[in-house]
Each structure stands twice: as structure tokens, then as C-alpha cells.
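Look at the model below and keep the sequence beside it.

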Amino acid sequence: MKKEFSISNDKVLINFSANYCSTFEELVESSGFKRVIESYIKNAKKKVTLNWRYLKKSLQTEDVSIITKKLCKVFKYCTVMSVDEIIEINDFYSELFKERDQFINLVEELYLFWRKLERYTIIHTNKKQEGLSSVNFTQANSALSNLILKLYRKIEKNTLGYKPNVFRQIPVGGNASLKVNKILWPIPNGYEILEDIEFIDAILLETPFITYPKKNTRSGMFKEISYNPLKEATLNKDHWFCYPAKVGELIAFIYFHRDFMHHGITLCNLFEMARCEEYRGKKPDLVYVFGARDKGEEKKTVFYDDKENEIMLGYINYSDEIDYFGYMKKMTLTLHNLVMIKRGYLPIHGAMVSIELKDGKSANVVIMGDSGAGKSESLEAFRTLGEDYISNMTIIFDDMGKFKDIDGKIKGYGTEIGAFVRLDDLDAGYAFKELDRSIFMNPDKINARLVMPVSPYKEIIKGYDVDLFLYANNYTEVKEGEKSIEFFNNPKEAVEVFKRGARMAKGTTSEKGLVESYFANPFGPAQKIKETDILIEKYFKAMFERNVKVGEIKTCLGLEGKEKEGPRNAAIELLEIIKNLK
């Protein structure tokens with residue numbers, strides 16, 4: 001049985017199946033309560049805070065364990081007695097309550113310390129539930145949150161002698177709740193290290209879910225290696241979880257260490273969670289291990305094409321350097337794209353939307369480009385500007401998709417149900433409209449991000465005919481009288497621009513200035529240039545033969561002062577083009 005409570009890397013895991021608190025007494029006597037108090041005191045001692053000096057003086061000791069024990073006892077007393085009654089029973093605490101405002105300040109600071117931790121509650125559905133019995137998954141977290149709130153208010157009331165006039169109902173239970181289970185699947189040789197790691201069955205989010213990863217950008221390329229990296233890895237299975245994802249038409253088992261729980265949870269807003277019956281007893285197409293420890297000291301971001309077991313394996317070792325969601329998302333998509341290339345499909349790094357106008361005209365538009373090129377921003381500007389003309393917009397993919405040549409048509413398919421977008425590049429009010437369902441990352445920093453669901457899974461895998469295919473050029477200025485959108489006359493012209501993959505780096509990676517990436521896609525095609533070259537020639541030739549309009553859209557997103565105006569002007573032109581389509 002996993003521990004009932006663990007705290008690591010500012011993340012708290014509460015195991016409801018081991019112990020579930022439903023009364024004040026159970027809460028203040030729990031190991032978790034003691035651990036939080038102890039962590040707070042250690043932190044206060046290290047910083048030599050005012051509250052540390054107050055505790056040291058009033059409790060007449062500098063021993064953290066003794067202070068923790070005495071504070072827990074005081075909080076327990078405060079649930080049933082007033083401060084005067086506590087002092088009457090034991091005069092030792094008179095010094096602690098001599099300045100009641102100072103004690104209240106301690107309670108408030110401790111409460112804030114708890115709220116700043118990332119908190120996750122877990123139910124193990126395959127275990128005998130010793131802790132949780134009568135409360136179901138969706139109720140358990142809110143019940144704990146209410147209990148903590150009541151405890152906080154009870155302590156303050158019995159200290160001050162009166163109730164506050166204003167009550168702020170802030171969620172203080174888990175930021176997210178997980179239901180996990182052990183799943184049997186045919187683990188091949190070389191993957192035994194993953195056996196017995198529990199799979200996530202369900203996730204409950206307390207939105208807005210705000211996380212503060214240590215990094216805000218991704219760097220480097222994912223490299224192919226010729227051996228299974230799991231043979232060099234070690235992991236504590238009690239510290240690991242698996243998110244079973246549907247990445248396009250593929251099943252991926254994404255394993256992650258608990259210190260990166262915030263990224264693992266965020267996956268639910270990006271990739272459809274697979275149901276048990278879809279993967280139980282089956283081998284996945286993709287396996288990704290995120291945050292394993294090995295003998296190497298350098299950051300490893302590698303993948304291995306396990307041809308023998310028909311598994312594309314991704315591996316990133318444990319490091320603060322990988323504490324950015326881009327590493328989890330982009331490696332997963334790289335693995336997907338590598339499989340697609342092997343199957344003869346063309347991976348597209350871009351955004352695709354199906355647009356229906358009120359006058360009956362419709363078009364399926366794909367805008368391709370690397371990170372920060374303005375593909376998503378242009379479509380968002382289009383959505384905002386075109387409300388008077390648009391009857392419906394369906395997002396097929398927001399970052400990565402693929403083209404298939406089926407029945408004489410080039411069709412686009414998505415991989416994700418969500419979008420991982422820069423907060424800076426969205427309309428000022430848009431992020432607030434999505435507050436109730438989004439996951440925010442470092443909202444106070446440059447390259448702040450949010451992850452939000454945008455399309456149902458059935459839509460992204462449906463397959464839509466491609467009508468317009470545009471390369472997002474974010475570095476060329478559109479002067480007066482010039483057009484934001486221009487079309488190519490032949491496949492050769494188009495292939496040259498698309499393959500070059502030029503863009504002005506926007507700070508989404510470690511790159512700066514005007515940079516190039518093969519086919520604007522460092523996530524699969526850049527690792528398999530020879531194979532992708534063949535696919536590019538085939539698909540571009542087919543698009544020109546089948547009257548798909550292939551061109552370039554100048555978003556100006558990389559030009560200072562044009563970040564909003566550029567996508568807006570491009571969106572206006574795009575609307576006119578769709579109106580005039582035959």
C-alpha cells in the first residue's frame with residue numbers, strides 16, 4: 001500500500017485509499033497534517049521569519065519536531081475550546097496566546113503555505129479501501145476541502161472569539177483528484193521496469209488549475225538512439241503514474257514521475273484519455289517515460305524505434321531542466337509523427353479549422369508553421385473578426401496533425417483535443433473567458449501558457465478535406481498595398497518555402513532571431529528527412545493536381561508592434577478568400 005501522504009518538490013499527494021479524514025480530530029492527528037506543519041516550520045526557521053522567532057520564544061524551544069508536536073496539539077484544542085479555556089487547562093500556552101494577533105498571523109501564514117503547495121488526491125480503485133469507503137470519487141475532494149476550511153475558520157473563531165463577516169470559499173483540498181488502477185498489458189522484454197505502475201482511470205480538476213513549472217521554454221532536439229534506454233533506468237514504482245492517451249488514432253502509455261504530476265495532469269486537457277477497455281490487455285503504439293533516473297548526468301531527450309515489439313519509445317531522464325510541459329507534449333507528438341511517417345502519412349505542424357459561413361460557403365483551412373509562427377493566433381483573430389459571417393468553426397488540430405491521401409482527396413486529421421497556447425498572444429479577455437476549464441502555467445512570466453480543450457475526439461479523427469494550405473510567415477512585413485496571403489503557382493515553389501520552415505523565434509523555445517527548421521517540424525520529420533522528403537513530394541504534387549490552394553500567410557507575429565495587427569489583417573484577407581471560393 002502506498003503511503004497515505006507524501007510531500008516532494010512542493011507537491012502533495014494524499015492517498016484517500018490509505019486514510020480519509022472526515023472529522024477535525026482525524027485531520028489534525030493525521031500524518032499529513034503533521035508533515036505540512038513540520039515543512040512550514042522548517043521553511044520558517046530557514047528564513048528566520050517573524051513567526052519562527054515568535055514560536056521559538058513562546059514554546060521555549062528551537063526543536064522543529066517539538067514545535068510541530070505542540071502546535072498540532074494546540075490546533076486540536078482550538079477545535080473544541082476557546083483560547084481562554086486552553087490557557088486555563090495548561091498555563092504553558094499562555095505565552096503563545098499572549099499576542100492573539102500574532103497567533104492569527106501564524107494561522108494565516110500556515111494556511112497560505114498549504115494553499116501554495118500543489119495538492120493531488122488519489123483513490124486506488126484496485127485496493128481494499130481502508131480509508132475511503134462511503135464517499136465517492138467526485139465528492140471526496142470537495143468534502144476534504146470543506147473540512148479544511150471549517151478547521152481554519154474554527155481555529156480563528158476560537159482564538160478571536162467571534163466569526164468573520166466575509167467568508168471566501170476557496171478550494172483548499174486537492175487541485176486535482178485521480179482515480180488510479182493497476183492494468184495488465186503484455187509487457188515485452190526490456191519494459192519490465194514499467195510493470196505494476198498504476199494507470200489513471202479518471203481525473204477531477206479544480207479549475208482554474210494554475211501551476212508554476214521551473215522552466216518556461218524547451219531547448220534542443222529529440223534524438224534517435226539505437227538501444228532501449230529503459231535498460232539503464234531506475235525508478236520507484238510507488239512514485240510513478242501512467243496516463244493512457246489517445247494521440248490521434250494511436251494509443252500511448254505516458255509514464256511520469258510524481259514530481260512532474262502537474263504535467264501529467266495537464267495531459268487530460270490535451271489528449272483524450274483512453275478508456276480501460278480500449279487498452280487493457282493490449283500493447284500500446286507509443287510508450288513515453290518522463291523523469292526516470294539513470295547513471296547519466298546530462299539531460300536525455302531520446303527516442304527508440306523498437307521494431308521488434310512495434311513500439312515507438314520516448315525517454316527523458318529526471319532533471320529540473322525538463323520541468324516544462326513542452327517536453328511532455330512535443331515528445332508524445334514526435335513519437336506519433338514517427339509512426340505516421342512509417343505508415344506513409346505526412347505529419348503537419350500547424351493548425352486546421354473547418355469553417356462554415358452564414359451564406360453557406362465553407363472551407364477547411366490548414367495553417368502550417370513552427371512554434372510562434374502565428375498559426376493559432378491567426379485563426380483566433382479570424383474567429384473574433386468573423387463572428388458576423390461565421391456560423392460554425394470546428395478546430396481539427398491546433399498544433400499537430402497529419403495528411404492522408406484517401407479516395408482521391410487530401411484529408412486532415414488531428415492528434416489533440418486541446419490547445420497549448422501562449423497567453424501573451426491571445427486576445428486580452430479571451431483567457432478569462434476560458435478560466436473555468438483551463439490549466440495555466442506560470443501566468444506571471446514571459447511565455448505564459450494555458451492548456452484548454454478545444455474539440456471533441458470524434459471530430460479530430462473524422463478526417464476533413466483540405467481546401468486551403470498556408471505556410472505561416474511571421475517575419476515578413478506586409479507594406480501598404482501588399483497582400484497578407486499569396487498563393488504558389490506550382491509544387492516546386494511551395495515545397496521550397498514549406499521545407500525551409502523559416503520563422504522569427506518568439507521565445508517559445510531557446511532559439512532567437514530568424515531561424516529555420518526542416519518542414520517547420522522538428523518533431524518527427526526533422527529526424528526522418530529522407531523518408532519525409534518522399535512524402536512531401538507526393539502530397540504537394542497531389543494537392544496541386546486536386547485544386548487545393550497552397551500559399552503563404554504573412555502573420556507578422558514576429559515583428560515588434562505587429563503581434564495583434566498582423567494576424568488581424570491576415571484574418572480579414574482569409575475571410576474574403578473563403579467568401580470567394582467556388
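Predicted model: local features only at pLDDT ≥ 70, side-chain atom pairs only at ≥ 80, totals over all residues.

Residues are numbered from 1 along each chain as its sequence is written, and side-chain values use heavy atoms, with hydrogens and water left out.

How many aromatic pairs does a search of the whole structure find? The search finds 28. Rings of Phe, Tyr and Trp (for Trp, its six-membered ring) pair if their centres lie within 6.5 Å; planes under 30 degrees apart count as stacked, over 60 as edge-to-face, and the rest as tilted. One of the pairs is W185 with F253, which is edge-to-face, with 5.2 Å centre to centre and 80° between the planes. W185 lies in the loop between β4 (176-181) and β5 (198-205), and F253 lies in strand β10 (residues 250-257), so this pair ties together parts that are 68 residues apart in sequence. Helices (H or I, at least four residues) and strands (E, at least two) are DSSP runs, numbered from the N terminus.

W185 counts as buried at 8% relative accessibility, and F253 counts as buried at 1%.

F253 also pairs edge-to-face with Y279, at 5.7 Å centre to centre and with 80° between the planes. Because F253 is in strand β10 and Y279 in helix α9 (residues 276-279), the pair ties together parts that are 26 residues apart in sequence. Y279 is buried too, at 1% relative accessibility. Elsewhere, F403, F469, Y471, F488, F498, F519 and F540 form one aromatic cluster.

Some rings have a charge over them. The rule is that NZ of Lys or CZ of Arg is within 6 Å of the ring centre and within 35 degrees of the ring normal. K404 lies over the face of Y345, at 4.5 Å from the ring centre. The charged end of K579 sits over the ring of Y389, 4.2 Å from its centre.

The last topic is a sheet. Four strands form an open sheet with mixed pairing, in the order β6-β21-β22-β20. Two strands pair if DSSP finds at least two bridges between them. β6 (209-211) and β20 (418-422) stand at the edges with a single partner strand each, so one side of each is left without a neighbour in the sheet. β20 and strand β22 (residues 449-453) run antiparallel and are joined by five bridges. In this pairing, R422 stands opposite R449 in β22.

How values were computed
Buried < 20%, exposed > 50% of the residue type's maximum accessible area, 1.4 Å probe, protein only.
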